[in-house]
Amino acid sequence: MPEGHTLFRLAADLQSAFGDRQVSATSPQGRFSESAALIDGRLVESAESAGKHLFLRFDNEQILHVHLGLIGGFRIASAPVSPPVGQVRLRLVGPSSYADLRGATTCELISAAELEEILARLGPDPLRSDADPERGFARLHKSGKSVGALLMDQRVLAGVGNIFRAESLFRARLHPLTPGNRISRRRWNALWTDLVALMAYGVETGRIDTVRSEHEPEVMGREPRVDKHGGEVYVYRRAGLACHVCGTRVKTQVLEGRNLYWCSTCQRRR
DNA sequence: TCAAGATGATCAG
DNA sequence: TGATCCTCTTGAT
């Protein structure tokens, strides 16, 4: 589930497994062999995430940059090491655990300057303590594109994906086709504050739960139902089903190649 | 057993 | 806007 909270957890897990330890690095698939040789046997100094990007710093100034994309995965397992299964782009092996990277959109070694360029391109990440939500508002507010499209733009908000988009807009009672330049600062601040809480909860639990009684008085007392993606949500992938709050059937539409979900009663166009 | 679709982003045209 | 990367889960057959 590669939204920002997944990468944040992954970075913490990699730090725990390999931080301050020497690792062997190989590319069983072969596509990353030359680069893997440059970090083979080196010490992992730190692992961190920014939005959906993952960075591992090594003690020879090499930085591993990974973006999982839609289908990628980076799985950590305990020793003993098993033979690689499938297309393993990169395998890291530490003293007590190992990790296999598959299907990633990006797996490359970069310099500190290139890392800074990537961070500069990204909008504020609700999970990072150094995030400045004002930068996101500035980008959102000058665009006539829909807020549904802008929330998926990593230059506006880093780490928000299709689930957090659908759910945060529902919770804000905002119609996804509202133009960004019609979003007030007050509404943006509320959206940001909610995303900070939702994503932090995702880091804590490893799942996306947005229907929570402490946030939503109207659903208190109702038995929670876990959806197929592992959490409970209001609208995401619930097209044609009744809205948990008002009973209206949840709508769906493809927006810029991605499926959008919303309740036309709770999220009226203004 | 197999095909389709998905939590993403980039590039060519 | 469509193709591409090429994994994993789900649902249909």
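How many disulfides does a search of the whole structure find? A disulfide is a covalent bond between the sulfur atoms of two cysteines, and the term is used here for a pair of cysteine sulfur atoms within 2.5 Å. The search of the whole structure finds zero disulfides. The structure is a predicted model, in which local features need pLDDT of at least 70 and side-chain atom pairs count only at pLDDT 80 or more, whereas totals for chains, interfaces and linings use all residues. Residues are numbered from 1 along each chain as its sequence is written, chains are lettered from A and ligands numbered from 1 in the order in which they are written, and side-chain values use heavy atoms, with hydrogens and water left out.

Cys246 takes part in no disulfide, and the nearest cysteine sulfur, which belongs to Cys263, is 3.6 Å away. Cys266 is likewise in no disulfide, the nearest cysteine sulfur being that of Cys243 at 3.8 Å. Cys246 is placed in the loop between α7 and β9 (251-255), where helices (H or I, at least four residues) and strands (E, at least two) are DSSP runs numbered from the N terminus. When its neighbours within four places in sequence are left aside, Cys246 is in contact (heavy atoms within 4.5 Å) with Cys263, Thr265 and Cys266. Between Cys246 and Gln22 there are 224 residues in sequence and 55 Å in space, C-alpha to C-alpha.

Charged side chains were examined next. Side chains of opposite charge can pair when their charged atoms come close. With a salt bridge taken as a side-chain nitrogen of Lys or Arg within 4 Å of a carboxyl oxygen of Asp or Glu, the count comes to 10 salt bridges. One of these joins Arg185 and Glu134, at 2.5 Å from N to O. Because Arg185 lies in helix α7 (residues 185-205) and Glu134 in helix α4 (residues 133-141), this pair ties together parts that are 51 residues apart in sequence. Arg185 is partly exposed, with a relative accessible area of 42%, and Glu134 is also partly exposed, at 37%. Another salt bridge links Arg57 to Glu48, with the closest N and O atoms 3.6 Å apart; Arg57 is partly exposed at 27%, and Glu48 is partly exposed at 26%. Glu48 and Arg57 are linked with Arg128 and Asp130 in a network of salt bridges. Arg155 and Asp153 meet in a salt bridge of 3.0 Å, N to O, and Asp153 counts as buried at 17% relative accessibility.

The largest pocket has a volume of about 570 Å³. Of the 20 residues that line this pocket, the closest to its centre are Pro2, Glu3, Leu70, Asn162 and Arg258. On a 1 Å grid over the protein atoms alone, a cavity is a set of points where a 1.4 Å probe fits but cannot get out, whereas a pocket is an open set with protein on both sides within 12 Å along at least five of seven lines, and lining residues have an atom within 4 Å of a point. Grid points are joined across faces, edges and corners, and a volume is the space filled by probe spheres set on the points. Both α6 (162-171) and β10 (258-262) supply at least two residues of the lining, and the largest share, three residues, comes from β10.

Note on methods
Buried means under 20% relative accessible area, exposed over 50%, partly exposed in between (1.4 Å probe, protein chains only).
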